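Q: Could we go through this one together before I set anything up? I'd like to start with the side chains and then move on to the metal and the open spaces.

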Amino acid sequence: TRTSRPQRILKAVQRKATVGDPQSVITAIDHFCRHREWAMNVGDEKGSILDSVVSEVSPVTVLELGTYCGYSTVRIARLLPPGACVITLEFNPDYAAIARQVIKWSGLEDKVQLVEGASGDWIPWMKEHFGVQAFDLVFLDHWKERYLPDTKLLEECGLIQKGTVLLADNVICPGTPDYLEYVRNSPRYNSHYYRSHLEYTKAEDGLEKSVFLGY
Ligand SMILES: CNc1ncnc2c1ncn2[C@@H]1O[C@H](/C=C/CNC(=O)c2cc(-c3ccc(F)cc3)cc(O)c2O)[C@@H](O)[C@H]1O
Ligand SMILES: [Mg+2]
């Protein structure tokens with residue numbers, strides 16, 4: 001097909017959403033993905049759980065792994081108070097370009113730092129390059145086999161400290177078994193599973209919230 005799915009998602013936002021209105025951007029993407037073409041956004045059902053965790057944590061610095069089209073970036077950023085920001089990593093330049101436009105359409109570019117690059121390359125530079133001391137919230141939604149190695153890398157880099165909350169998408173579908181085993185069995189995390197459904201479907205999926213208890 002001439003255009004990519006992310007390009008068609010951006011078109012739906014530009015057609016249906018109001019500039020500067022994040023909720024209308026979220027609604028436009030959810031409508032498109034439910035009625036036109038499925039896409040791997042966290043979606044409205046799991047998105048409400050994401051919202052409640054963001055509101056509960058009220059984070060100052062958020063890390064998102066895997067921007068894709070920026071749907072969850074907008075969900076998170078719209079709930080952040082002034083001065084708080086989300087750093088989101090995306091290594092596919094085409095997806096990053098679409099996400100920048102979706103984030104701009106929502107009017108939240110001041111609360112978002114989209115970094116084009118791989119999590120494994122950028123995590124070690126977070127302190128030095130962005131002046132991050134530790135993350136209050138990490139949303140994991142990138143390649144599922146990278147959840148565990150990147151969590152360990154975040155620990156090694158001192159970016160996860162007492163109270164940091166990890167929120168992982170897709171722990172059932174497609175599944176992240178090694179990550180789940182790690183956070184649920186580690187004495188250093190307090191984990192909770194929020195049962196839900198795979199975005200825009202009836203299949204089971206859910207989010208795992210893991211609070212770091214310190215060393
Ligand atoms: C490895 N380091 C990385 N650093 C930076 N960006 C990375 C990245 N890995 C992947 N990415 C990016 O994250 C995104 C990847 C997300 C992977 N997500 C999934 O595979 C996924 C897949 C499903 C899914 C579920 C059921 C099904 F039948 C088909 C698909 C549902 C989801 O909610 C998903 O999140 C892309 O934009 C990719 O370019
Ligand atoms: Mg996902």
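Q: To begin, is Phe-130 buried, partly exposed or exposed?

A: This is a predicted model, and in it Phe-130 counts as partly exposed, at a relative accessibility of 23%. The cut-off for buried is under 20% relative accessible area, so with its 23% Phe-130 does not qualify as buried.

Q: And what about Trp-122, how accessible is that one?

A: Trp-122 has a relative accessible area of 22% and is likewise classed as partly exposed.

Q: How many aromatic pairs are there in total?

A: The count comes to 7 aromatic pairs. One of them is formed by Phe-91 and Trp-143, whose rings sit edge-to-face, with 5.0 Å from centre to centre and 75° between the planes.

Q: Which parts of the chain does that pair link?

A: It links distant parts, since the two residues are 52 residues apart: Phe-91 belongs to the loop between E2 and helix H5 (93–106), while Trp-143 belongs to the loop between strand E4 (137–140) and helix H8 (147–156). As for accessibility, Phe-91 is partly exposed at 45%, whereas Trp-143 is exposed, with a relative accessible area of 54%.

Q: Then why is the pair of Trp-122 and Phe-130 called tilted?

A: The planes of Trp-122 and Phe-130 meet at 45°, with the ring centres 5.9 Å apart, so the pair is tilted.

Q: Which residues do ring pairs link into a cluster?

A: The cluster consists of Tyr-182, Tyr-189, Phe-212 and Tyr-215, which are linked by ring pairs.

Q: OK, on to the metal: which residues are the protein donors of the magnesium ion (ligand 2)?

A: The magnesium ion (ligand 2) has Asp-141 (OD), Asp-169 (OD) and Asn-170 (OD1) as its protein donors, at 2.0 to 2.2 Å. Along the sequence the donor residues follow the spacing D-x27-D-N.

Q: Are Asp-169 and Asn-170 buried or exposed?

A: Both Asp-169 and Asn-170 are buried.

Q: Now the open spaces. What is the volume of the largest pocket, roughly?

A: The largest pocket has a volume of about 440 Å³. Its lining is made up of 26 residues, of which Gly-66, Phe-91, Asp-141, His-142 and Trp-143 are the closest to the centre. The magnesium donor Asp-141 is therefore one of those closest residues, as are both members of the edge-to-face pair, Phe-91 and Trp-143.

Q: Last topic, the backbone: which residues does a cis peptide bond join?

A: A cis peptide bond, with omega at about 10°, joins Cys-173 and Pro-174, and Pro-174 lies in helix H9.

Q: Where is Ser-58, and what is its phi?

A: Ser-58 is in the loop between helix H3 (43–57) and strand E1 (61–65), and its phi is near 35°, a positive value in a residue other than glycine. Tyr-200 is not a glycine either and has a positive phi of about 65°; it is placed in the loop between strand E6 (189–197) and strand E7 (204–212). Ser-58 is partly exposed at 48% relative accessible area, whereas Tyr-200 is buried at 12%.

Notes: Residues numbered from 1 in each chain as written. Chains lettered and ligands numbered in written order. Predicted model: local features only at pLDDT ≥ 70, side-chain atom pairs only at ≥ 80, totals over all residues. Heavy atoms only, no water. Donors = N, O, S within 2.8 Å, 3.2 Å for Na, K, Ca; no water. Buried < 20%, exposed > 50% of the residue type's maximum accessible area, 1.4 Å probe, protein only. 1 Å grid on protein atoms, 1.4 Å probe; cavity = no way out; pocket = protein on both sides within 12 Å on 5 of 7 lines; lining within 4 Å. Points joined across faces, edges and corners; volume = space filled by probe spheres on them. Phe/Tyr/Trp six-rings, centres within 6.5 Å; stacked < 30°, edge-to-face > 60°. Helix = DSSP H or I, 4+ residues; strand = E, 2+ residues; numbered from the N terminus.
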